[in-house]
Amino acid sequence: MEFQELGLHSNINKAIKDQKYKHPTDIQKKAIPIILAKQDVLGSAQTGTGKTAAFALPIIHHLIHQNIDQKKRKVKALVVTPTRELAIQIDENFKAYSKYTNIKNTVIYGGVSQGTQTKILQSGVDILIATPGRLLDLMGQGFISLSDISYFVLDEADRMLDMGFINDIKKILNELPKERQSLFFSATMPKNILDLSNKILRNPKMVAAHKISTVAQTIQQFIYYTNKQSKKELLLYILKNQDIKQILIFSRTKHGADRIVRHLTKNKIKALAIHGDKSQNQRQRALTSFKNNELRALVATDIAARGIDINALSYVLNYDVPNEAETYVHRIGRCGRAGKDGVSISICEPEENIYINAIEKLTKQKISIIEKNPFKQTDKPMNAKQKKEFEKEKNRKKQEFFANRKKR
Ligand code: AMP
């Protein structure tokens, strides 16, 4: 399917061409016609599926057809999203897609002084992208009115609730006009999310982006088998390869991510971590430094890495093998984007083998084992205590794995 077939305004199609998007993604094909028909949407889609364009393009289309009083602009579309990184990315996307129109958008988020943000708001904008706290703050101070909102998007709803924003969302909803089009996106749809969506949407159409189970052909996948104790040294060994100019390293836990950063820093490799315990400022600084090539390694947990969009990233490393095969696909999908080459490296300890089997089954691809590995898993017999520990951990991981499978 071609973008032109969706019936978007020609100035939007021109901007899409500049972005070098060839065809609409699955969620775009499904959601854009519904939004153009002015219906509410309940969208089950993760970041990385093209969901931002799925809601941004038709909103811009609607606004083009609405006569905008350029001297007295009012906020007509509001996008609420949980984190500053996502807010900035959505704002950048809106700017890119509306570059051949006279529509203005801006972004507000906490953790920075409000001066620049309120100045832009006072000069008038049509589309506002916001994190909940700063939005309520500036509404309270009288800088923002929601009374002219015709289009409301709640993005990453599950993460929003995870981060404890439920009361903020309720306050925002109270201020929105009853007559509006609402679009609700969430990666997962547990009951509390569906309950919330019922409060926001009117006769919504459901759309779901296909689960990502395929790995781009441009990503080469490798694995090093080792022991838990050798992972740190193996990581340094891997990073001796100077072809690896930059790498995104995934860690299952926040503490693990901090430990990796400390270890790399001690060994003179510039690295920073992004995870839920870091402030928005720290996360943004780390991301910007990485994008500016000031860091060689960025260490992230899965949730914090959702929504990270780094162009031209060639290497991703799994410091541990994720217990959900889809998570693996998402992680390695951070490299090798837009047809560029990517390399994924996983470090696997014996207890994680079970996850590799599940990954290979899902992706229908074999991961190549690296034989040149000075930290290869040793076959030294374990003593009784080690064996007991090993079996205990293996059983725990097995149960965790099957519990997760049942949930899906
Ligand atoms: P999102 O899911 O909105 O975070 O988008 C993920 C990435 O996909 C972003 O880098 C977008 O620029 C890109 N993207 C969005 N739509 C398309 C498309 N139709 N073709 C290619 N890339 C796209």
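**Figure 1. Lys-51, a buried residue of helix H3.** Lys-51 is buried, since its relative accessible area is 4% (buried means under 20% relative accessible area, exposed over 50% and partly exposed in between, with a 1.4 Å probe and protein chains only). The residue belongs to helix H3, residues 51–64 (helices, H or I with at least four residues, and strands, E with at least two, are DSSP runs numbered from the N terminus). The side chains of Lys-51 and Asp-155 are joined by a polar contact of 2.7 Å. A polar contact is a pair of N or O atoms within 3.5 Å; within protein, one must be able to donate a hydrogen and the other to accept it, and residues adjacent in sequence count only if both atoms are side-chain atoms. Leaving aside residues up to four places away in sequence, Lys-51 touches Ile-27, Ala-45, Gln-46, Asp-155, Glu-156 and Phe-185 (contact means heavy atoms within 4.5 Å). Between the C-alpha atoms of Lys-51 and Ile-32, which are 19 residues apart along the chain, the separation is 9.9 Å.

The model shown is predicted: local features need pLDDT of at least 70, side-chain atom pairs count only at pLDDT 80 or more, and totals for chains, interfaces and linings use all residues. Residues are numbered from 1 along each chain as its sequence is written, and side-chain values use heavy atoms, with hydrogens and water left out.

**Figure 2. Lys-231, a buried residue of helix H10.** Helix H10 comprises residues 231–239 and contains Lys-231. This residue counts as buried at 4% relative accessibility. Its side chain and that of Glu-349 are joined by a polar contact of 3.1 Å. Not counting residues up to four places away in sequence, Lys-231 touches Thr-226, Tyr-319, Asp-320, Ile-347, Glu-349 and Glu-352.

**Figure 3. The crossing of helices H6 and H8.** The axes of H6 (residues 132–140) and H8 (residues 166–175) come within 10 Å and cross at roughly 45°. Axes are lines fitted to C-alpha atoms, for helices over the stretch in contact, and angles run from 0 to 180 degrees between N-to-C directions. H6 is therefore oblique to H8 (angles under 35 degrees count as roughly parallel, over 145 as roughly antiparallel, 65 to 115 as roughly perpendicular and the rest as oblique). In H6, Pro-132, Gly-133, Leu-135, Leu-136 and Met-139 meet Asp-168, Lys-171, Ile-172 and Glu-175 in H8. By class, this contact of H6 with H8 has five nonpolar, one polar and three charged residues (Ala, Val, Leu, Ile, Met, Phe, Trp, Tyr, Cys and Pro count as nonpolar, Asp, Glu, Lys and Arg as charged, and the others, Gly among them, as polar).

**Figure 4. The crossing of helices H4 and H12.** H4 (residues 84–97) and H12 (residues 280–291) have axes that come within 9 Å and cross at roughly 55°. The two helices are therefore oblique to each other. Arg-84, Glu-85, Ile-88 and Gln-89 of H4 make the contact with Gln-280, Asn-281, Arg-283, Gln-284, Leu-287 and Lys-291 of H12. The residues of this contact divide into two nonpolar, four polar and four charged.

Figure 5. Most residues other than glycine have a negative phi. Asn-203, although not a glycine, has a positive phi of about 40°. It lies in the loop between helix H9 (191–200) and strand E7 (205–208), and is exposed, with a relative accessible area of 69%. Asn-293, likewise not a glycine, has a positive phi of about 65°. The loop that holds Asn-293 runs between H12 and strand E11 (297–300). Asn-293 is exposed, with a relative accessible area of 58%.
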